[in-house]
Each structure stands twice: as structure tokens, then as C-alpha cells.
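Student: I have a structure open and some questions about how to read it. Can we go through it together?
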Amino acid sequence: MAEAELSPKFAPFFGMGGIAFAMIFGCAGAAYGTAKSGIGIAGVGTFRPDLIMKSLIPVVMAGIIAVYSLVIAVLIAGDLEPPPGQNYSLFNGFMHLAAGLSVGFTGLAAGYAIGVVGDVGVRSYMLQSRIFVGMVLILIFGEVLGLYGLIVALILNTSTD
């Protein structure tokens, strides 16, 4: 097969699609997690302002999801310009698209999980302080969903030809 057939001019489009999917879905998940947890924190702050600082944990964890997406987007963007003498192949484009989808969709799911747990968790923490450790553990399990997507995306990004 000819080199031109393996490296068409539209191949970088799929790599850029991976960047877009990573940032759009990952940041949407982080935004949802921040907003949903923020609603719970605002509710807690009206009754117990002393608990606001400890209640910010879900917001910080949701923000980390966006960082995962940003890392993959920067790595993909760095690979879009191949070294001199090499072409950006269609295989690379699809692998970068898959990497972006991986971190994006898991970031969306993790952000949703963190938002729901954060909202209910901080409201419950206001009523019963012993629930704090359980809330943090469940938040960690939600965050790990995004981390799994990051790991898969890193593997996909390094397996380009």
C-alpha cells in the first residue's frame, strides 16, 4: 500500500477530534461535578458555615477530572506534528481519537458520580460528622473512573506507529 494511502491529508482531523472530545466531555463532567457539589456546599453553608472548607473536597476532585483531559489533549497536540520525514498516519488519527474519547467519556461519568456523591455527602455530613470518611472513600472511587480513562488514553497515545 502506498504511503499516501496510509497518511491522507484528513488524518489529523481525527487527532483534533480526540482533543475536542477529551476537552469537551472531560470538562463537562468536571463542571457538572463542581456545580452539583457546589449546590450542596451552598446548602450546608447556610446552616453550618464552619463546615464549608471540609466540604470543598468534591469540588477539588471534580477539577482534577478536567486536568486529566487537559493532559491528554496536550499530548495529542504534541503528536499532531510528526518529526521531519514522517507523516501523520490515519492509524495515529484514530488512536488519538480513541484516546480522547476514552478520557472524555470516563471524565463525564466520573464528574457525574462526584457531583451526586458530593451533593448528598456534604448535606449528610452537616447532619452526621461520622459520614465524612465514607463520603471521601466513595468520592475516591468516583475519581478512579476518570483515572482509568486517563491510563487507557495514555496507553493508546503511546501505541501510535
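Student: How far apart are the end C-alpha atoms of residues 18–76?
Tutor: They lie 8 Å apart, and the span is 85% helix and 0% strand. Helices here are DSSP runs of H or I with at least four residues, strands are runs of E with at least two, and both are numbered from the N terminus. This is a predicted model, where local features need pLDDT of at least 70, side-chain atom pairs count only at pLDDT 80 or more, and totals for chains, interfaces and linings use all residues. Residues are numbered from 1 along each chain as its sequence is written, and side-chain values use heavy atoms, with hydrogens and water left out.

Student: What does UniProt say covers residues 18–76?
Tutor: An unreviewed UniProt entry gives "domain: V-ATPase proteolipid subunit C-like" for residues 18–76 and 97–156. UniProt positions are in the numbering used here, feature names are shortened, and annotations may be inferred rather than shown by experiment.

Student: And what about residues 97–156?
Tutor: That span is 93% helix and 0% strand, with its end C-alpha atoms 9 Å apart.

Student: Where does UniProt put the "transmembrane region" feature?
Tutor: The unreviewed entry places it at residues 12–35, 56–77, 97–120 and 132–156. Residues 12–35 are 100% helix and 0% strand, and their end C-alpha atoms are 34 Å apart. Residues 132–156 are also 100% helix and 0% strand, with 37 Å between the end C-alpha atoms.

Student: How many helices and strands in total?
Tutor: The protein has 5 helices and 0 strands. Its radius of gyration is 20 Å, well over the 15 Å that the globule rule gives for 161 residues, so the protein is more spread out than a compact globule. That radius is taken over C-alpha atoms, and the rule is 2.2 Å times the number of residues to the power 0.38.

Student: What does the C-alpha trace span along its principal axes?
Tutor: About 70 × 20 × 20 Å.

Student: New topic. Where is Phe13, and is it buried or exposed?
Tutor: Phe13 lies in helix α2, residues 11–47. Phe13 counts as exposed because its relative accessibility is 61%. Exposed means over 50% relative accessible area, buried under 20%, and partly exposed in between, using a 1.4 Å probe and protein chains only.

Student: How far is Phe13 from Val59?
Tutor: Their C-alpha atoms are separated by 33 Å, and the two residues are 46 residues apart along the chain.

Student: What share of the protein is buried?
Tutor: Buried residues make up 41% of the 161 residues.
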